[in-house]
Structures are given as C-alpha cells and as structure tokens.
Amino acid sequence: MVQGLLMLSLAACELQTTTPTPPPATLTPSAAVSSTETEAPAAETPLPSDIPVPTPENLNSYSLPEGYNPLTGLPVEDQSLLDRRPIAVKVTLYPRSNRPQWGLGLADIVYEYYHNNDLTRFNAIFYGQNADWVGPIRSARLPDEHLMETYKSVLAFASADSRIREALYNRYPAWRLISILEGECPPNPVCRYDPEVYNHLLANTARLSDYVDATDGDNDKPNLEGMHFADQKPKTNDEVERIYTTYSYGSYNYWEYDAGERVYYRYQDAWDAVGGRERSYYLLTDRLTGNAISADNVVVLFTNHFHTVYVPANGSTPETEVVDMDFVGSGEAYAFRNGLAYELVWKREAGGMLALQFADGTPYDFKPGNTWFQVVNDSSRLDREGNSWYFTFVWRKN
C-alpha cells in the first residue's frame, strides 16, 4: 500500500530562529548588481498551434478559453494539468546557504510573507506546469492555511510546530497536507538531495499530484475563478523601476523592471545589515533552470498580522512567535506591471479567490504571466523616491 512507501511524519518541527547567515562564497554581493550580469531567462517554449489565441479584449478566469490557466491567463502546453488541484510547496529563504532554490521560476504564483523571528518564507503554487524539483522545503506556518483555502491547493511542507500542525490537520484532510521527510524518489514525491552534505528536502510536483490520487484524495479540477487579465495595461501616471521590500535587518529584497525583457528581476539580501553595514543585494536565480528569478506581476498586500503565540526573548533564548494574518475582507494593495504602479484594494470572501480592484470597484487586470505577492502588515510603511518605491514591514508586537 501507499502508506507503506510514503510515511507521513507528524513530528514537531521547531520554529526557525536561526540568525540569517552570509551567502555561499560563490555569490558575490553588490550594492547595485545589474540584471545584465546574469543570463536572461530562456525563451518560452512555443505553444501548440491548436490552442486558441486570446482576443485583445480583457479576459477574466470566468471567460478564459479552454486550456488557459486561470492563475496566469496563459495557455498551457499540457491541458491535462488543469484537471487537478494546484500544488503548493513551502520553500525556504534562510539560511542563505540554501540558495539558490530549485523550481521557483516555474511557479504560477509565489507568496512571500513574514513567518517569525525577522525572517520570511515562500509559498510557491504550481498549476499550469510542473517542476522536476522544488525546494529546499521547510515547515508550514498558519498563513498557509489561508492560501490553501484561496487556491484550493495541496501543501507540501517539512512538518510544522505542533500548534501550527494541529491547526492545519484540524481543518484539512491528511491527503492535502504532504509532510514526507525521508524516502527515495521515486516512488516518493519528496526526498533528500545530497543528504551527506546539505540534506536538502526537495519535491517533484508531478509526483505530488500523483500522490494525492494514490491516497484517494479529491484531486479534481477546482474552481479558481477570480483573476482578471489583459495584455493592454491599465492607465496610470506612476512609473516605478524598483520595488523594495524590507522585512528586517536580515530579510530584504527588491524587484527591478527590465524594459527590454518586460519583466521584473528579483534581487535578494546578501548579508545582515547590522553594525553600520549597508544593505547589499545579488540577483536571485533558479538552481533547477539556471535562469534569473523573474515576475510578470509584482503585488504588495497589506494585511493585519497578529500573534497567536508570543514569548519575548530571554537571555540567549530568542523570542517565540506564531504569527497569523487576516486574509478575509479587504485591505490596501499595490500592483506593478510593465514598469507601472497601481494603487488598489484587495478583497476576499471566505472560501473565495483573492481579487484586486480599483477604488471604484473596477477589477484590476493582471498582465498574463506569473505573479509574486509580497505580504506586509497593515501598519507597514510606503516611501516613494523617484522611480523607486520602498515598502517597510512594521510589526506591532504585543
């Protein structure tokens, strides 16, 4: 039986409190690295000729032609992939020695959010295409519960703190929560890469989907309607070249728009900005593809963050944080596409998809392609300096 081959681990996983560490020696940090120093992403694979071409008019996921991905607004090469649930994988950013990560560049949607102790983590969602390897995989957090509800996804993660694990398993069946810590690939969808050295935990998204089928999970196509897309960009007077997001002294990044490629490239923190040392960045790449990490859309969401558990630091013991956020209702949002910025409102009903709207209620049109969401607290700050916008995470600790 599958249970004999794939062991679900319910062992507790401590909340990460490790101070961020310097990047590997092979990564040379620079305060201003040009995207031209790294090979540009490979050209997209031509799509089959029998897939219809979208009309110039605006499209939303209610009206997309058959074979189009409701999370990207683009046609998919293998239309059978849209007959399953999305696969979400928790991918780490810290310690920096885990970079570059595998498979992030193949995700349709990626969320970055604060998880605890001044650090962030990714929730990468795969639907229109698979990745042979995604990782390194780390533990889940409470906001993953909301993202699973929003995108009807399966979640692959490396266990979780007992309080977080209890919340997840009380809400979702075991087949939607894939926490496999050991085994061989195949038959496992998750296994260890180079266990004698770095011991990275990686996943194959196609095998994760097969695992859901093999465990008699409900892997039918979900309703993912809600996003709007248009090749024609909405009107705005705000031109923004760089989008900075600072979560802490050790977790900071920026996206830079490349007008030639018409995408945003991701630059990541190179070291802790402490002791008078200025922030430094380098271009983030995908170890699986060798390409620079890029996004067609970047969105910053302001949501209310709060502690469900908070124990202040005591001597050499770091503070304990179990963080959650409000992901139902509405809030402030900023979207970036084609080098332009838009002030918006995000809205979401319980059980529904996230929607972006202008103040008058008109739906915002994403550029067809992938999207990265930067989630910050609703008390966070936005500063604008010329063509650069700076989002600073401000955390009200109770």
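## Basis and confidence

Residues are numbered from 1 along each chain as its sequence is written, and side-chain values use heavy atoms, with hydrogens and water left out. The model is predicted, so local features need pLDDT of at least 70 and side-chain atom pairs count only at pLDDT 80 or more, while totals for chains, interfaces and linings use all residues.

The average pLDDT (the predictor's confidence in each residue, from 0 to 100) is 87 for the protein, and 84% of the residues score at least 70. Where pLDDT is low, the predicted coordinates should not be read in detail.

## Overall make-up

The protein has 4 helices and 24 strands; these are DSSP runs numbered from the N terminus, with helices being H or I of at least four residues and strands being E of at least two. Of the contacts with a separation of 6 or more, 67% are between residues 24 or more positions apart.

Buried residues make up 56% of the 398 residues. Buried means under 20% relative accessible area, exposed over 50% and partly exposed in between, with a 1.4 Å probe and protein chains only. The accessible surface comes to about 16700 Å², and carbon and sulfur atoms hold 48% of that area. Accessible areas come from the Shrake-Rupley method with a 1.4 Å probe; for residues, only the protein chains shown count as cover.

## Backbone exceptions

Most residues other than glycine have a negative phi, and most peptide bonds are trans. The bond from Tyr 94 to Pro 95 is cis, with omega near 0°, and Pro 95 sits in the loop between strand E2 (87-91) and strand E3 (109-116). A cis bond also joins Pro 186 to Pro 187, with omega near 10°. Pro 187 belongs to the loop between strand E6 (177-178) and strand E7 (190-193).

Ser 159, not a glycine, has a positive phi of about 60°. The loop that holds Ser 159 runs between strand E5 (154-156) and helix H3 (162-171), and Ser 159 counts as buried at 2% relative accessibility. Asp 216 also has a positive phi, near 60°, and is located in the loop between helix H4 (205-214) and strand E9 (228-229). At 70% relative accessibility, Asp 216 counts as exposed.

## Helix H2 and the largest cavity

Helix H2 (143-151) is largely enclosed by the rest of the structure, because 9 of its 9 residues are buried. Among them are the charged-class residues Asp 144, Glu 145 and Glu 149; that class is Asp, Glu, Lys and Arg, while Ala, Val, Leu, Ile, Met, Phe, Trp, Tyr, Cys and Pro count as nonpolar and the others, Gly among them, as polar. Just after H2, Lys 152 takes a positive phi of about 55°.

The whole structure has 2 cavities of 30 Å³ or more. On a 1 Å grid over the protein atoms alone, a cavity is a set of points where a 1.4 Å probe fits but cannot get out; a pocket is an open set with protein on both sides within 12 Å along at least five of seven lines, and lining residues have an atom within 4 Å of a point. Grid points are joined across faces, edges and corners, and a volume is the space filled by probe spheres set on the points.

The largest cavity holds about 40 Å³. Its lining consists of Tyr 111, Tyr 113, Pro 143, His 146, Leu 147, Met 325, Phe 327 and Val 375. E3 and H2 are the elements that give two or more residues to this lining, and H2 gives the most, with 3. By class, the lining has 7 nonpolar residues, 1 polar and no charged.

Of its 17 lining residues, Tyr 62, Glu 225, Gly 226, Met 353 and Ala 355 are the closest to the centre. Strand E19 (340-348) and strand E20 (355-357) are the elements that give two or more residues, and E20 has the largest share, 3 residues. This lining comprises 6 nonpolar, 6 polar and 5 charged residues.

Conventions
Contact = heavy atoms within 4.5 Å.
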